[in-house]
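Welcome! Have a look at the model below, and then let's walk through its annotation, its cores and one of its pockets together.

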Amino acid sequence: MEAGVADEFDVIVIGAGPAGENVVDRAVRGGLTAAIVEERLAGGECSYWACVPSKALLRPIDLAAEVARVPGLSLGPIDVAKVLARRDEAVSGYDDAGQVRWIESVPAELVRGRGRLDGPRRVRVTTDTGEERVLTARQAVVLATGSTAAIPRTPGLAEASPWTSHEVTAATAIPERLVVIGGGVVACEMAQAMHGLGARQTTVLVRGGGLLNRMEPFAGELLAESFAEAGIDVRTRTEVARVERPEPGGKVTVHLSEGPPLEADELLVATGRHPATRNLGLASVGLPDDKPVEVDDSLRATGVEGGWLYAVGDVNGRVLLTHMGKYQARICGDVIAARARGDELPAMRDVAGGYGAPQVVFTDPQICAVGRTEEAARADGFRVRVVDYDLGSVTGAYLLGDGYRGKARAVVDEDRKVLLGVTFAGPGAAELLQAATIAVTAEVPLDRLWHAVPSFPTVSEVWLRLLEAYGL
């Protein structure tokens, strides 16, 4: 393609991850033409270096723990080579041909290269050979570039080339000694995965007081107990002073603010993510290039004349979860199509995020939650009552295996008698989450939930126990 050649579409999406793909799908369904620009692999971070491969690595760990709890069953050592091979299969061998076929079937045009804004409704794409192509949007440009791992400015850390979620999920060998910096979802999931697959010494360094500090405190406490039993060393209120790695790929030394240094074969940094807005050309339309793109509830960027720019998923900084990015994308595509036709906007716009997005941490025990925590609900001014129940005392949980430990919490709005948030922590608890998500987002009254009878003997009978504990 010659430099400067212009092409025109109704909608241009920058970023072909799950969010970008969903925008294209909905926009084309609405009668519009679309192009989607991607620098790396179509399918995005989630498909190749995050959600999908991480769960492929965690599943054997989860299953091994489940088998160990059932008398009469035994499981031999995990075959790490086969686990890694299945991970490779799950990510299609890092080949996006299947995703490309899907995009073409929409139909939409996939444009390979780095896309950036180049003024109103213009996207300039630079290929890996340096050629340029200019795309023009008749209706909208949508930013769906996701986020990148944040690397703290700790002396020597960036120079040590640490692993991020990208590298750890694509690992071809398991390090014998692993240090993990961070206590959030990625840190917890990958510490357990690497340890379960053979990391002899795994140390998790947490600045705060516990794991998963954005969730109910008991969730992180239960997970910390599981880590301790597995031999994972969790150190809370720990600061990293500096990092040394004299030879690329060699041993890494982590110096702490207090106490002796740690030596490891690999270092994983999982301290959060930044919306991928740098070098995106935002300054060409009057927006800062190092901050999330602020949007309204129709996902349209605020402060851009003409209202043609939208942002979905991590790049807008609202909720950094794949399923929420896809939800926003469906809304965004529908809104763009409706505006192009001059129709009224869809009645349900960005609603789910306001209730508190559902999230699962795929560790053992699994941690899942939707809505507000007790602390968040009180901070938002609700008059709340908290109901806790020992998940392990439910008959269905006992039947899953000996030593089942878990806990459920419901945060109730006492004025309206509806659920503001629900958290489950326990083996296999993730399958309880969708019922909680429906109850929270639909604001189902508790006296109505009483008539949603759970089957016996299932773990879902915890719903009945929570309502009984509340007093119904």
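## The annotated domain

Which residues does the UniProt annotation "domain: FAD/NAD(P)-binding" cover? According to that record, an unreviewed entry, the annotation covers residues 9-326. Keep in mind as you read on that this is a predicted model.

## Nonpolar cores

The largest nonpolar core holds 59 residues, and those touching the most other members are Leu117, Val142, Leu143, Leu309 and Val312. Helix H9 (residues 322-341) gives this core its largest share, eight residues. Apart from this core lies another one, of 36 residues, including Trp163, Met190, Val206 and Leu268.

Leaving out residues up to four places away in sequence, Leu309 touches Leu117, Val141, Leu143, Val285, Leu287, Arg300, Ala301 and Val304.

## The second largest pocket

Now for some open space. The second largest pocket has a volume of about 390 Å³. Its lining consists of 20 residues, and Ala65, Arg69, Gln192, Ser226 and Asp364 are the ones nearest the pocket centre.

Which helices each supply at least two lining residues? They are helix H3 (51-68), helix H7 (185-196) and helix H8 (217-230). H8 provides the largest share of the lining, with six residues. If you sort the lining by class, you will find 10 nonpolar, five polar and five charged residues.

Key:
Residues numbered from 1 in each chain as written. Predicted model: local features only at pLDDT ≥ 70, side-chain atom pairs only at ≥ 80, totals over all residues. Heavy atoms only, no water. 1 Å grid on protein atoms, 1.4 Å probe; cavity = no way out; pocket = protein on both sides within 12 Å on 5 of 7 lines; lining within 4 Å. Points joined across faces, edges and corners; volume = space filled by probe spheres on them. Helix = DSSP H or I, 4+ residues; strand = E, 2+ residues; numbered from the N terminus. Nonpolar A, V, L, I, M, F, W, Y, C, P; charged D, E, K, R; others polar. Core = buried A, V, L, I, M, F, W, Y, C linked by side-chain atoms within 4.5 Å. Buried < 20%, exposed > 50% of the residue type's maximum accessible area, 1.4 Å probe, protein only. Contact = heavy atoms within 4.5 Å. UniProt positions renumbered as here; feature names shortened; annotations may be inferred.
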